[in-house]
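Please put the model up on the screen.

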Amino acid sequence: MEEVDVEPAVTNIPAASSGTHLGFAWGPGDILVYETLYKASGTGSGDIHEVRKDEDIYSPILRKLFNESHHIFVGLQTIREDLPSKNKKPQFVSISKNYRSVIRACMEELQQVAVSTKVAEVAMQYGNQVSILLAIELIWNLCEVLFIDAAPAGSLLLHLLDWVRLHKADVDEKAREVLQSESPAEHRDYWDVVVSYVLQGRLEEARQMLVKQATLQPAARKMYKQMDTLLSKMPFYNPGGTQTLTEFDVKWRHWHEEVDRCLQDNSFASNKHLELICKILVGDEDTLLEHKDLLSTWYHFLVTRLLFCHPTVKPTELHYYAQSCLTMFLDSRSVPEPLDSILLAAFEFDIHQVIKDCSIALNNWWFVAHLTDLLDHCKLLQSHNLHFGSNLREFLLLEYASGLFTHHSLWQLAVDYFDHCPEFGRVYLELQIERVPLDTERKALKVLRICEQRQMSEQVRSICKIMAMRALRNNRLGSALSWSIRAKDAAFATLISERFLQDYCARGTFSDLDLIDNLGPAMLLSDRLTFLGKYREFHKLYGEKRFREASKLLLSLMTAKIAPRSFWMTLLTDALPLLEQKEVIFSADQTHELMFCLEELMSSLNTTTAGTDRPMQDEDIEVTKVELLRLALARNLAMAIVKEGTVEA
Amino acid sequence: RGSLQWESAAPAQYCLHCCWHIGVIIMFVARSIAADHKDLIHDVSYDFHGRRMATCSSDQSVKVWDKSENGEWHCTASWKTHSGSVWRVTWAHPEFGQVLASCSFDRTAAVWEEIVGESNDKQRGLSHWIKRTTLVDSRTSVTDVKFAPKHMGLMLTTCSADGVVRIYEAPDVMNLSQWSLQHEISCKLSCSCISWNPSSSRAHPAMFAVGSDDSNVTYGGKVQIYEYNENTRKYAKAETLMTVTDAVHDIAFAPNLGRSFHVLAIATKDVRIFKLVPMRKESTSTGPTKFEVQIVAQFDNHNSQVWRVSWNITSTLLASSGDDGCVRLWKANYMDNWKCTGILKGDGSPLTGSSGQPTAMSTVVGSSVQTSQNALNGMSAGRYFFPPLDPPRAGTRYGHLLPPSSLIEHCDAEPIQPQQQALPHRLSSRALLPLPEAEGQ
């Protein structure tokens, strides 16, 4: 397929236009641009400009469109693959209608804001968005009729009539004005309304209007009666009825001949308005083209022409009529607009061209992504021999979802879109989700949950590490520890445990007791963390006056080498009050082990601290502490031997 | 007519046939920030999450900016970093805390760490950055500085005009004052830029590309690819892009999307995109991977020299800056055809700039409006269908067009939450019971 050569869009930056360079930096959602010079020195304005794309993302009203359509999208993805496609058609049509009703709702809200605002720029901005949504809905509706519903001959025209009526509803507005006036039949727009009704095939409404005129002109009563009969007799195909298409065609031809006869008879020659209506009914092209202002678009002309000339048009014949109507209607305007080309491509059943032109003409991935996804589910992309069918769908969904990801709350919707892109969805999600700012712990947990559900272990680890580092920098040790346990980051857990122990040595208290008390198996992540947990357990036992268990644990911390050597003196000091208890807590064997630990510590201290000049005062305290310990140990040993001997005896 | 009752319809005043502006990427200036540097800005760098940025300038200083809740940028730190022009500034991954590196004409690179300041500083919106180290090994201007991919640990790479790439490592991430020079790689040509391949270590050995701005075309390829060899524990040259003979000013590996090949963008006299496809290794071979080098795209739209290239997060867009004074955005379609899809261009009306601004933080907001106006002026790309709204009238005709109530829902905006702890800690740290008085003493 030939690529349309597209001129790139130019965005003006308030900066010098010549002689300087523009430097830039990519961010997750925008690009920063600044004046600079790469070759030599010079001066720039010193301003940095934040340039964004996906402007729509930031519109609070369009945000509802994104939210609502997300639900529909997710629902569509869960439609079972195995159902025969015939059974799924009504579902697809109803999904298509749901999408369109969301567009409508959005459009109406935008319109209200645009009308009620007093700021001209805002009104214009919203007005622009309304017009974009209008075009989107128009295209979507046509695609629904032609591709998704795929109406056969007969029903096709009825659907197209609905389509035109829906998108050319200014006639209702005009009719209301006419009817509310004092004398509707004399209103200057009266005949415009009647003719417009006829052009849209709303013959019942046209007849009701005509009655008002007839009562004013008793002389022409017969003529009005004749027109009323013609209008009431016009056959419309009833797809649910028993009548076959051929029977309908025969009936319609009879009616058409009757109208033609009236025209030949000059039945309405005395009333130019009725004459005009009669000419329309017979499908006179010149007459139709004389009323371009009432038709306003070539596709209205097309549908009206089909209604009065070819009511049993087949889908395959549409492109011929569409092309000729476009040419006839646009003769004054030589070049068709993009919207014309898109609609024409749809009438030609060239789905790929529709999608491509839409993605070029609309600054809006929302539309092409959702429409293509729906058409892909209808298995329409393959049947049109696009070997890259599913890639096209995924390409557009990825673009749309990436845009959503730049928004501070819409990114959560994007996750589901990525989930339904089998080829690159996951890797896009991985790249995008790690950039979501982790402003709060709550948000971090939200991001984390999404990553965990998808087994994105590297992202999980990274988020936890970032949070642990941040907590540590802010001296929130408990939070830092729990995040590094989640990250399974042993080195960091060791570092934080160390900080906990330092804090304890300095202050004599532990912070974050709940966390440390409930470490459980997480304690095994690092040796130092194990020690922290066990040491805290000792404190708990001690606090609960379970001295025997406490002393056993304390001893094992040293003998099993769980405690770092630097902490042994603290542990031995902790043993001091236990040794001083009236009751014997440490057994003779345990006391021996404690003594051994103390001597081992002293000998290692002598070798390592030799030469360091610690203040004499500290040294004195240390010496006194060791003396005290030795004394306590000796006394305890004596008591234990006596006690153990007594029991054995 | 189905379950949907739309009485309604297209408001008449919207003409669906006015100008559709063709283009692909419409961008708009969301705000302008007066950076207030006293000289030319050389580099602007976003942090990983896009909530902070750092700027550096010929005025020898670095500034750090933080984005507030409402999206405005506030300068929270500004300090003199070097005794020469600061060429580049870059952020370490947040796993390593808040760390910046800068490089300068003064032949040094420096590492900076933010320390959590006094609470009254925080209230004033200021932060403290302290210098952790100065890397003085280069004898010439240090032209680029980049952190290696995070899975390699905290590693910093510099390249300099004397043609040497240096790789430093901070073995203890809690002590950033210790950096050891791990590798010194001589590239023989004056180096201007380096880029690490962001691919994960499991799939590929560590790899970086270095570009040279030596303008002598007879010296051959100006882009060299180096790869880490596990056996020798050294970086070895894997490839020289022989077709790139002109001065190279910037180079950028694309994020790997799980592909088997690597994509490299180069800023030289034009923009080039290369594909590096690893060739199957002989099982006995221990040398560096050989690559099949394919050129994917080449654009001379900048007319002359191109100075910067950079990929967006998912590598769907490449931006380049050149002598035509424009930033151009390049994009591949689903058939992998690359095209220029957007241009950012100075309009010749710079704002008054730092000197004229009373404060450093003045911002100019509201530009979508600007875009629309530009569109009207025929200057820019408002791809709107058109038409200005009719003047608002009382009693709009759409009063009866209420959307189905199920469609009216409040948008799912995320409320700003106060800081919360991950686990419900009770912060009352109970002290160890006072030691019981030893009884019977």
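Start with helix 8 (residues 221-233) of chain A and helix 10 (residues 272-281) of chain A, whose axes come within 11 Å and cross at roughly 20°. Helices here are DSSP runs of H or I, at least four residues, numbered from the N terminus. Axes are lines fitted to C-alpha atoms over the stretch in contact, and angles run from 0 to 180 degrees between N-to-C directions. So helix 8 of chain A is roughly parallel to helix 10 of chain A, a label for angles under 35 degrees.

This is a predicted model; local features need pLDDT of at least 70, side-chain atom pairs count only at pLDDT 80 or more, and totals for chains, interfaces and linings use all residues. Residues are numbered from 1 along each chain as written, chains are lettered from A and ligands numbered from 1 in written order, and side-chain values use heavy atoms, without hydrogens and water.

Which residues meet? M223(A), Y224(A), M227(A) and L231(A) in helix 8 of chain A meet L274(A), I277(A), C278(A) and L281(A) in helix 10 of chain A, where contact means heavy atoms within 4.5 Å. That contact has eight nonpolar residues, no polar and no charged; Ala, Val, Leu, Ile, Met, Phe, Trp, Tyr, Cys and Pro count as nonpolar, Asp, Glu, Lys and Arg as charged, the others, Gly among them, as polar.

Next, helix 3 (residues 120-148) of chain A packs with helix 4 (residues 155-167) of chain A at about 170°, axes 10 Å apart. Therefore helix 3 of chain A is roughly antiparallel to helix 4 of chain A, meaning over 145 degrees.

Last, chain A is divided into domain 1 (165-347), domain 2 (445-544) and domain 3 (549-649), with bounds from an automatic or database domain assignment.

Note on methods
Helix = DSSP H or I, 4+ residues; strand = E, 2+ residues; numbered from the N terminus. Parallel < 35°, antiparallel > 145°, perpendicular 65-115°, else oblique.
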